[in-house]
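Thanks for coming. Please look at the structure on the screen, and I'll walk you through a few places in it.

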Amino acid sequence: MNVFLSRPKGEILSFKCILSLSIQCLMEIFIITLLSVLLTFCFVLGLLVYSLIKRLKKERVLFDGISESIFDYKVVWTEDLSEIRFGSELEKLLLNCGIKPDKNYILSVFGGEMLNSEAGLSLCVNALRKSGVISEYFSAEGTSGLIQWKSISFTGRDGKVRIYSLGRDISEETVSRKVSEQLREGLMEEFKYMQDAEANAQAGVFAFISEGETIFIRTTAKFCAMFGFEYTDTFTLEQLYSLMKRENMLEIQRSIACFLSGKDDKLYIETMIKTATGKYRSFTIQCRYNRGVTDYRYIRTGLIFDTTSSRMNREASFKDSQREPITGLYNRNGFILEGRNFLDRCRENGAGAVLVCLQVTRLTKISLLFGIEVSDTLARLYADTLSRLLGENSVIGKVGAEDYVLLFECCDKDDVEKLMRKISIVVENYCNNDVLPSVLKEQSSFIAGACFYDGNDTISSLYNKASVTLFSGSRFDGKICCYFDAGVEKKVSGRDIVEHEIGEALKLGELELYYQPKIGIETGEIVGAEALMRWNHKTQGLIMPGEFIHIAEEMGIITKIDEWGMLQACVQNKIWQEKGYCPIKISVNMSQAQLYQTDVVASVKNVLEESGIDAKYLEVELTETMAMIDIDRTISVLNSLKKLGVSISMDDFGTGYSSLSSLKILPIDLLKIDRSLVYDIETNKTARHITKAIVDLGKAMDLTLLAEGVENNAQRDILKDLGCDIIQGFLYSKPQPAAIIERSFLIPASERKTAVIK
């Protein structure tokens, strides 16, 4: 170009010059084009490098995001541990656990046996090789956990190898897995136990399985064989119910429902199930609820036992426990149970029934006099007689030492009377044989009370009515047995009043003492008095001791009444002495409970001290039967009372078969001849002879003799001739309040008309 510019105007260029200029121009264009292409290539290459760098950065961010979303913890470190970058969650966890996030933590997790950081490459290789290693942590809150690590490596542009270690917290998974494994192992052990039990015992294994609302029973061959069925692996719960007896079905269904719903962890039922033979057998079902195992959460495993034999043995043992051992008759519990079944049959058949309470009088005394072997023999004779006369369609029980109870079909009083007479005749014939002493013929009589079944009474109410009738005292003339009626029912209600209010009688001041004078047979003057209890009830009026003393004994409060009565008698006697009357001796009846209480002597001593009376003016009365129950104890107590100065008298002597040996060993001062001998002493020579023998025996032993129940002068004169010292009875006075006794007997005869009782 410069050539063209330098040439002068008008000069014509030669061809050679033109060619040279053209070549030069082409070269310049080529150079310019080449430079443009190079610039364009560099630009495109720059774009590509920039794009690659941006993409790599994006991929790293994406990797970090993915790793953080999948894994819980992250740490990036170089092979020489010169660079370590902990993720925020891991750093927070380590600081909470008191661990410094540095290379020592990397070494502790991935180093294993390597203890220094200089083996960088080895550490990297070890981390990659141990991908899956688990580390443990303990937080400041006391919790612990496990982290499972995965590691990968990258080589950076700077040539350094970087390891990405990513951790996942597997604490909950580990615990869950351990629990599952333990439960599975427990379940396998349980099934093994079930299989062993099935193999070694008479038991079948089964399981309840819930599938929706249907309950199936998975069985075993042994399970099906116990019922005599062909083996089937499952059947429904309703099918099992259909084989069970209807009795207690609601209770069984309720128990199984509570178990299947998870309300109860265990199930135990006894039931009767029909077998393939059509007969019912007794089975016991025991189940457990397997909780918490995911695969088995609906399974309830169990065992079923055939308990027919053991149930029969148990029932036989139960029946034996309901029998009285001496006679083999039902005891009280056995009679009530069997009697209930008997009344049910009578109700279904429309048959009448009667329950008779029968008491063999003085059977206990026979045992004391002749020994327990004799009374046992007599008891068995009664049992054999009753069983033979009543037959199989009856229930017979021995419910006490002297008490029998009979339940049999009957609706007529005459039939009952005939049966009672047969029993009396047979028993008397037994007593006349050589086995028992002939005297038992008089001793072994009985009394009976009966109640007819009206279709509504329970066995307990029927028994109570007959029992109360037995002791009611309402006898029909010429009848061996008395019967429950409106009059007896009234007495029963009276007994209820006594039972409910006797405990409050002392507090309310309703009890008082009456006194019956004892008269010297030679002088006709009072020498003593017997204190007798009375109850002035606010609505019932005067209640005699025969109606409430025995109830007080049953209720265990008789000792309090006895102590109160003894104190009142001594206080009253002291008052009479202070008034200047001639001193007399007051006798007080002692109950069996008071005699055998541990502190009876101390109790009597306290009464004497509190009342201020001299002990010689107190006399304690007890019966021979009561004294002979524990003769050693009785002798000890009586000797202690004698040391205090208290007199002792034996009441009711001469009733039945009195033991003469008791007179020899008991320290008594006075012997009371029973009113049963005095009653017909005018006409009965035997009574006079017995009375004479008792008087002579008493005189020989230096005892004072008193006859009770004297009602007329003829009896008094006979007793005087026989040698009695003291008499007591309606001839002189019935029991009277203290004021009347004072006015009629203690005030001198010359002053009685003008005396004013204060």
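Start with residue classes: Ala, Val, Leu, Ile, Met, Phe, Trp, Tyr, Cys and Pro count as nonpolar, Asp, Glu, Lys and Arg as charged, and the others, Gly among them, as polar. This is a predicted model, where local features need pLDDT of at least 70, side-chain atom pairs count only at pLDDT 80 or more, and totals for chains, interfaces and linings use all residues. Residues are numbered from 1 along each chain as its sequence is written, and side-chain values use heavy atoms, with hydrogens and water left out.

Now the largest pocket. Its volume is about 990 Å³. A pocket here is an open set of points on a 1 Å grid over the protein atoms alone, where a 1.4 Å probe fits, with protein on both sides within 12 Å along at least five of seven lines; lining residues have an atom within 4 Å of a point. There are 37 lining residues, and Glu530, Leu532, Pro545, Asn589 and Asp651 are the closest to the centre. By class, the lining has 16 nonpolar, 11 polar and 10 charged residues.

Which strand gives the most to this lining? S18 does, with 5 residues. Strands are DSSP runs of E, at least two residues, and helices are runs of H or I, at least four, numbered from the N terminus.

Next, Phe653. This residue sits in strand S22. Is Phe653 buried or exposed? Its relative accessibility is 2%, so Phe653 is buried. Buried means under 20% relative accessible area, exposed over 50%, partly exposed in between, with a 1.4 Å probe and protein chains only.

Last, Leu48. Helix H2, residues 15–70, holds Leu48. Leu48 is exposed, at 54% relative accessible area.

Note on methods: Grid points are joined across faces, edges and corners, and a volume is the space filled by probe spheres set on the points.
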